[in-house]
Amino acid sequence: MSKPWTERHGGIWLNKASTVDQLVVEEYDSERDSFTLIWQRASDGHFQIEYLVKGNASSDPQWSLPFWENIAGQGIYGTLSDAQADLKAIVSGYRQRAIDT
């Protein structure tokens, strides 16, 4: 992945391939069209999470596909289980808001 972006599952994915952090969890939910990602940081071994959902398609004709957007925030977790638990809560909360609207 030498480009800064690529197409994945119908959206533009910003590559983190140049990072030294290790991707330990990558799950695509085709029913909800979303990704859950957990990265282990090379600098200190802690974990970061991402919950990616498709944003709105850009009006810029260069980008005909929507970008995947991270809605999980910028948390750092000491253990993989802490990261998974918070990610599960974020996903559940996002899905509940989608049902309520």
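Reply: On a 1 Å grid over the protein atoms alone, a pocket is an open set of points where a 1.4 Å probe fits, with protein on both sides within 12 Å along at least five of seven lines, and lining residues have an atom within 4 Å of a point. By that definition, the largest pocket is lined by Val25, Glu27, Tyr28, Asp29, Ser34, Thr36, Ile38, Gln84, Leu87, Lys88, Val91 and Arg95. Two or more of these lining residues come from each of β3 (22-29), β4 (34-40) and α1 (80-100). Helices (H or I, at least four residues) and strands (E, at least two) are DSSP runs, numbered from the N terminus. The helix α1 gives the largest share of the lining, five residues. The largest pocket holds about 210 Å³ of space, where grid points are joined across faces, edges and corners and the volume is the space filled by probe spheres set on the points.

The model is a predicted one, in which local features need pLDDT of at least 70 and side-chain atom pairs count only at pLDDT 80 or more, while totals for chains, interfaces and linings use all residues. Residues are numbered from 1 along each chain as its sequence is written, and side-chain values use heavy atoms, with hydrogens and water left out.

Serine 34 counts as buried because its relative accessible area is 2%; buried means under 20%, exposed over 50%, and partly exposed in between (1.4 Å probe, protein chains only). Leaving aside residues up to four places away in sequence, serine 34 touches Glu27, Tyr28, Asp29, Tyr51, Leu52, Val53, Trp68 and Arg95, contact being heavy atoms within 4.5 Å.

Aspartate 33 is found in the loop between β3 and β4. Its phi is near 55°, a positive value in a residue other than glycine. Most residues other than glycine have a negative phi. Aspartate 33 counts as partly exposed because its relative accessible area is 24%.
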